[in-house]
Amino acid sequence: MLLTAIEPAQYVKQHIVPMVNEFRKLQQTDGCIHEHFEAADRLLEQLIPNVQYVYESLHMPKMADAFKRDIAEWRTKGLNTPPYFDYSLKAFTPPDNLELSFIIAPLVATNGPAPKGHFLECFLVMREEPEELERVSAMMPHPKNGCQSCRLITGSEGLVTGNCIVFFPENIKVSEKVDSQSFAMFFFNKFQQIYLTETFPRVRTLFGEGWVSDALTTESVYRARSVWGYLHDYYHHQGPRPFDTNLQVKLNFFVGILEEIKVDCQSVVAAYELDVPFGSEIAEYILFERMLRYPNQPDAKSNFDAGTGLFLFEWLIQNGSCFQITDQGLRFHLKQCVKDIKQLVREVEAIESIEDDEQFKAEARKYVKQYLPEGSGKEKFTIPDMYARYIGYTLGKTELLDFTQLQY
């Protein structure tokens with residue numbers, strides 16, 4: 001019989017998370033151990049039976065075996081080499097609705113705490129698909145839905161601090177290149193704290209009052225964010241080059257920016273114009289998160305999501321009519337923005353229609369660089385003048401959020 005959420009949560013918190021957090025301190029960003037080898041090896045040895053207990057309790061015996069094999073191969077090759085968890089990735093199957101799932105592996109916590117790298121992480125989640133998704137999926141049937149709405153219950157440092165809300169197959173460090181995305185697990189109960197702490201105060205400061213996206217209950221925010229997740233993944237599977245069948249080319253930085261912005265824009269249009277639950281809130285979430293929060297990541301000038309937000313703002317202020325420049329600053333008109341972004345979608349899909357991969361990447365790069373100025377050194381870009389002038393740029397002022405006690 002499956003354990004209740006409380007039992008495995010307590011076990012993971014007490015017997016696994018502390019050791020994982022200690023192990024992370026010994027790792028470099030590539031996952032390697034460069035010193036304190038005996039301490040690292042001892043922690044791995046102690047983790048094995050505890051991890052096995054959790055996996056078997058959750059009816060995930062293949063993952064228990066995969067973890068042991070991955071650890072054994074790493075120890076054989078030497079902990080001073082990168083850890084590859086191919087067995088764990090191949091064995092992992094996302095949970096069904098209302099089931100628990102656990103994973104431990106070296107993985108990148110996207111938008112998690114600095115530094116970014118393949119550190120050992122673990123997390124326990126419960127998948128919870130709200131009923132609103134049935135209505136949306138009936139209206140917009142997904143060709144192969146791989147998006148899972150989950151509640152993060154507990155996890156290691158990279159998951160319970162910082163703004164990582166997603167786990168993709170390509171986040172795990174493996175020796176074989178990941179060429180398809182069979183699942184995407186989202187920790188949507190982290191979203192409200194992020195939005196109300198970081199994003200919405202900027203909305204009020206820059207665009208004034210009269211918005212609706214700060215008024216939902218905690219549970220409703222989870223439901224709305226889950227609907228947004230469905231729309232986002234749905235549109236990733238549409239158009240001339242669906243993401244799941246063009247994964248490697250769309251991992252290109254400039255192609256990826258156009259992919260994310262196109263999908264965001266299509267999701268905004270659907271939320272605003274179709275009978276989508278929480279439609280107005282979702283439209284605000286998408287646009288405000290993209291333009292106001294992502295560009296203020298501490299590593300913004302090399303951060304992919306920051307680049308998407310800067311690109312979207314620059315495109316809109318140069319080509320659209322949704323921004324009004326006044327003596328009091330910038331004013332934003334959502335209804336007009338919905339009209340503006342339809343043209344942006346058309347332009348991106350025209351580039352996506354290019355069949356040759358290299359030409360496609362070249363045109364994507366050329367298009368993006370019209371709006372994102374060249375960076376220096378390791379920087380992918382610099383902050384555009386219009387964004388700096390009208391939105392402002394507060395590098396490093398974002399505080400690291402703590403999600404050890406989640407409300408929902």
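User: How should I read the burial of a helix such as α11, and how many of its residues are buried?

Analyst: Burial is read from relative accessible area, where buried means under 20%, exposed over 50%, and partly exposed in between, with a 1.4 Å probe and protein chains only. By that reading α11 is mostly covered, since 19 of its 21 residues are buried. Helices here are DSSP runs of H or I with at least four residues, strands are runs of E with at least two, and both are numbered from the N terminus. The model is predicted, so that local features need pLDDT of at least 70 and side-chain atom pairs count only at pLDDT 80 or more, whereas totals for chains, interfaces and linings use all residues. Residues are numbered from 1 along each chain as its sequence is written, and side-chain values use heavy atoms, with hydrogens and water left out.

User: What span does α11 reach, and what lies at its start?

Analyst: The expected span of a helix is 1.5 Å times one less than its number of residues. Helix α11 covers residues 253-273 and reaches 30 Å from its first C-alpha to its last, close to the 30 Å expected. At the start of α11, a side-chain oxygen of N252 comes to within 3.1 Å of the backbone nitrogen of F254. A polar contact is a pair of N or O atoms within 3.5 Å; within protein, one must be able to donate a hydrogen and the other to accept it, and residues adjacent in sequence count only if both atoms are side-chain atoms.

User: Which residues touch the most other members of the largest nonpolar core?

Analyst: In soluble globular proteins, nonpolar side chains tend to be buried together. A nonpolar core is a set of buried Ala, Val, Leu, Ile, Met, Phe, Trp, Tyr and Cys residues joined through side-chain atoms within 4.5 Å. The largest one has 75 residues, of which F207, F311, F323 and F332 touch the most other members. Helix α11 gives the most to this core, with 12 residues. A second, separate core of 56 residues includes L44, A64, F85 and F167.

User: What is F207 in contact with?

Analyst: Contact means heavy atoms within 4.5 Å. Leaving aside neighbours within four places in sequence, F207 is in contact with R202, F288, L292, F323, L330, R331, F332 and I391. Several of these names return in the strands β6 (residues 323-326) and β7 (residues 329-332), which run antiparallel and are joined by four bridges; two strands pair if DSSP finds at least two bridges between them. The two strands form a hairpin with two residues between them, and Q324 stands opposite R331 in β7.

User: How are the faces of β1 placed, covered or open?

Analyst: Both faces are covered, with L100, F102, I104 and P106 buried on one side and S101, I103, A105 and L107 buried on the other. Strand β1 pairs with β2 in the antiparallel sense over eight bridges, and I104 stands opposite C122 in β2.

User: What does I172 touch, and where is I172 placed?

Analyst: I172 is in the loop between β4 (166-167) and β5 (184-187) and counts as buried at 3% relative accessibility. Not counting residues up to four places away in sequence, I172 touches F85, L89, I103, A105, P106, L107, H118 and F167.

User: How compact is the chain as a whole?

Analyst: The radius of gyration is taken over C-alpha atoms, and the globule rule is 2.2 Å times the number of residues to the power 0.38. The chain has 16 helices and seven strands. Its radius of gyration is 21 Å, close to the 22 Å that the rule gives for 408 residues, so the chain is as compact as a globular protein of that length. Buried residues make up 58% of the 408 residues.
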